[in-house]
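Colleague: I would like to learn how to read a few local features here, beginning with the contacts of a single residue.

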Amino acid sequence: MHDSVWFEINGKPSVVIASNVFEDAAEKQAAALGLPELRRVFVAHPIQDATDEEMRAKADAVIDQILAALLN
């Protein structure tokens, strides 16, 4: 979150990508960091023990959302 806020403040678009169980926490932290509109995309939980193949599938599932967030 902190890195994405830094990038945004410095004019570089970014998107926070996190596990969906952290949606509420991400919203609160973005607001606390002064950037409540910070773009966020969430992947299906869990990710910690996901295999490379599972992570690729999770990324494939959200790539359109990530691109849309960056381009809008």
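Modeller: Contact means heavy atoms within 4.5 Å, and, leaving aside its neighbours within four places in sequence, glutamine 29 is in contact with Met1 and His2. The C-alpha atoms of glutamine 29 and histidine 2 are separated by 9.0 Å, although the two residues are 27 apart along the chain. This is a predicted model, in which local features need pLDDT of at least 70 and side-chain atom pairs count only at pLDDT 80 or more, while totals for chains, interfaces and linings use all residues. Residues are numbered from 1 along each chain as its sequence is written, and side-chain values use heavy atoms, with hydrogens and water left out.

Colleague: Where is the place of glutamine 29, and is glutamine 29 buried, partly exposed or exposed?

Modeller: Helices (H or I, at least four residues) and strands (E, at least two) are DSSP runs, numbered from the N terminus, and glutamine 29 has its place in helix α2, residues 23–32. Buried means under 20% relative accessible area, exposed over 50%, and partly exposed in between, with a 1.4 Å probe and protein chains only; glutamine 29 counts as partly exposed because its relative accessibility is 33%.

Colleague: Which strands does β1 join by bridges, and how do they run?

Modeller: Two strands pair if DSSP finds at least two bridges between them, and here 4 bridges join strand β1 (residues 16–19) to strand β2 (residues 40–43), the two running parallel. Within this pairing, isoleucine 17 has valine 41 in β2 as its bridge partner.
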